[in-house]
Amino acid sequence: TIASNQMDTTGYGGANAYYTLQTGCTYNMSQDGYAGSPTAPNACNGGVINFITPVAPGKSTYFGLENALSSATACLSTQVN
């Protein structure tokens with residue numbers, strides 16, 4: 001977790017983003033990473049990237065993925081206070 005970003009509980013978010021993981025996706029110490037549970041083995045196959053400061057119109061940002069992307073949904077512009 002970056003000290004200036006208290007919303008990021010995953011350590012992947014950076015200074016301006018945090019992730020909302022799917023229900024059942026938790027950090028697994030034995031695997032040293034996030035993993036689903038026996039009842040929800042695919043729980044970590046998706047999630048939401050939340051930007052703390054919205055990306056301004058006409059501007060861009062980026063993020064990286066650890067695994068190959070199988071699908072995506074267009075961004076929704078929503079301000080969270």
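How many helices and how many strands make up the secondary structure of the protein? In this predicted model, local features need a pLDDT of at least 70, side-chain atom pairs count only at pLDDT 80 or more, and totals for chains, interfaces and linings use all residues. Residues are numbered from 1 along each chain as its sequence is written, and side-chain values use heavy atoms, with hydrogens and water left out.

The count comes to 0 helices and 4 strands, where helices (H or I, at least four residues) and strands (E, at least two) are DSSP runs numbered from the N terminus. Read from that end, the order is β-β-β-β. The pLDDT, which is the predictor's confidence in each residue on a scale from 0 to 100, averages 75 over the protein, and 81% of the residues score at least 70.

Of the 81 residues in the protein, 14% are buried; here buried means under 20% relative accessible area, exposed over 50%, and partly exposed in between, with a 1.4 Å probe and protein chains only.

N50 counts as buried because its relative accessibility is 18%. Its contacts (heavy atoms within 4.5 Å), leaving aside neighbours within four places in sequence, are with N16, A17, Y18, Y19 and T20. The side chains of N50 and T20 are also joined by a polar contact of 2.8 Å. Such a contact is a pair of N or O atoms within 3.5 Å; within protein, one must be able to donate a hydrogen and the other to accept it, and residues adjacent in sequence count only if both atoms are side-chain atoms.
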